[in-house]
Amino acid sequence: MSKAALKRLRHPGPALRLLSGAATGLMLSMMLAIGLCWHFYTEYERAGRNRVLIEELHQVLKSAQMLSAERGPANVAMASGSDQQPAAQEVLAAARNATDEALAALPPSFDAAAIEEALAQARQRVDAVIATPPAQRSFAALQQAIDAMIGVSTHLKMRIQQSGSRIIDRAPELDGRVGFAISLSTLRDHAGQLGSAVIAPLTMQVPLPDSTLDEINRLIGYLQANWYLLGLETSAGIAFGGELEALREQARERYMVRGLALVDEVIRDSRAGRPTLDATTFSDRYVAAMQPLGEWRERFIDQLRQRYRHLERQALVRFLLLTLLAGAAIALTALTLVRVYRRLQLPLLRASEDVIRLADGRQRRRGRVSHDATLDPLFAAIDLLEARLDERTRIMRDLKRQADTDGLTGLLNRSAFERAGEQLMSARGEGVIYLIMLDIDHFKAINDTHGHPVGDDVLVKLAHILQTGVRANDPVARLGGEEFALLLQAESRAAVMEAVRRLQSAIRSAAVRTRNGEWVHFSVSFGVVCADTHQQWQTLMARADEMLYAAKEAGRDRIVIRQEHGVTE
């Protein structure tokens, strides 16, 4: 700051000059009041828009719920004998009416015509099976009718995802809650599909085909993954606690435990060749087990609707109240506003607050208060200070990143990986921690044959596969040379082996292209160890290295995992 600027700061203009703007005080106060009123009005408008969007989401998810609920009565009707048909068809008719009403209530923007057409075709297949005498029904026709109903749900689920994306595009602040509601709906739909998967074999009293067993395993995987993600979102505070937490526990006990156990019972009976359940009995018990899933979703949506109705009312009250207060403030400001206070004292207070915030490492408050021109050098100096501090922060951040990452691949280096591993082991969650070390097979031959630039491309390619093949928070590192490592937290050995095999498959399919147009493929050997509760990090690294060596000795391109009692496979 120049001496002239300092002099202007210490010696403001004459009082007459400072007071000359008193006549403008009222106008400035009115502008401030209008700005605040507009701000609260936009809050009210946004709250109302969010309420409408949540109502639309509720109607869309309700249609999915009704369609999923229709599959149960349809399955029962197709599995029922002649004496049970009248009652079963009456229940099915009521379920279809509920579905039709929900689809008719969808907003025009949803365009449900394609869904309704597919649903009509699926219902024709169901009606054809029902019309066939029980003794003449075929497994193929029954399974096709079930698959057709599931296909409608799958089509609707895709449309729900698109609808959710449109809502989030219009109101990004609804992202978490819309995603949670859709996840709850998806959980209920997958549960329904899992129950439908065994209806045809139970109806025909035949063993579960391999294709059905594969579908069951796939759906159980989806259910468990969805349940895990819902748990993460619940722990993040999306699901409003209290009553919803109790409903979540009911869903866990009655469906994730009892409902899936019922499916396991069907699988065991099928493998033993002695089915103990018929389709109707299974449907009754399974639908009862799924009930908390629907209640959980409905209650969450209800609370969400109530929340945004309340926010809309609050915003309206704030807007009206502020409008009244602003009128009173304008009248008061007309009598009390003084240019010195507005143009000097408040800006100086703001400047001191900005300096304190910057000294504490915090951001300055956004927006600049109106001030006299004599304070321009002061605020220019604060702007310069902020820029210098931002530059210093950026430099420190870059230095830390350079210290923790490998320059070629962008992965963590050994020291950063070891710190991450020690932190993960000391604060482990519910899952088991696995350390995977891997080494590129015959890497020296790649360098000798194609040159070090191609070898570098292989390292970068492998790093990309590892980074994209695991979760974003799973540590991945290049330990040195062609040796890499990663840490996975999994619920079981089978889960971590599945993840490692997925990486192995991706690596086998990968290749880098030389400057001569030749494609170079490569393979990797894996050593996997499970972290013991009391195990030291260096011991864990040594054991993983032993498993990696064993994989190399076994012929390379292998996965060797250390079992609990020291046995490898």
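How far apart in helix α9 are glutamate 215 and arginine 218? The two are 3 residues apart, so about one helical turn separates them. Their side chains meet in a salt bridge (2.4 Å, N to O). A salt bridge here is a side-chain nitrogen of Lys or Arg within 4 Å of a carboxyl oxygen of Asp or Glu. Helices (H or I, at least four residues) and strands (E, at least two) are DSSP runs, numbered from the N terminus.

The model is predicted: local features need pLDDT of at least 70, side-chain atom pairs count only at pLDDT 80 or more, and totals for chains, interfaces and linings use all residues. Residues are numbered from 1 along each chain as its sequence is written, and side-chain values use heavy atoms, with hydrogens and water left out.

The protein has 18 helices and 7 strands. Of its 569 residues, 43% are buried. Buried means under 20% relative accessible area, exposed over 50%, and partly exposed in between (1.4 Å probe, protein chains only). Among contacts with a separation of 6 or more, 75% join residues 24 or more positions apart; contact means heavy atoms within 4.5 Å.

The whole structure holds 26 salt bridges. One of them joins the side chains of arginine 49 and glutamate 173 (2.9 Å, N to O). Arginine 49 lies in helix α3, and glutamate 173 in the loop between α6 (139-170) and α7 (175-197), so the pair ties together parts that are 124 residues apart in sequence. Arginine 49 is partly exposed at 27% relative accessibility. Glutamate 173 is partly exposed at 38%.

Helix α3 (residues 25-79) also contains glycine 48. This glycine is buried, at 10% relative accessibility. Glycine 48 lies 8.7 Å from arginine 313, C-alpha to C-alpha, although 265 residues separate them in sequence.

In helix α15 (residues 443-450), lysine 444 and aspartate 448 are 4 residues apart, about one turn of the helix. Their side chains form a salt bridge (2.8 Å, N to O). Lysine 444 is exposed at 59%, and aspartate 448 is exposed at 54%. Elsewhere, Glu70, Arg96, Asp100, Arg123 and Asp127 are linked in a network of salt bridges.

Helix α16 (residues 452-469) has 18 residues. It reaches 25 Å from its first C-alpha to its last, close to the 26 Å expected at 1.5 Å a residue. The expected span is 1.5 Å times one less than the number of residues. Buried residues of α16 include Val454, Leu459 and Ile465.
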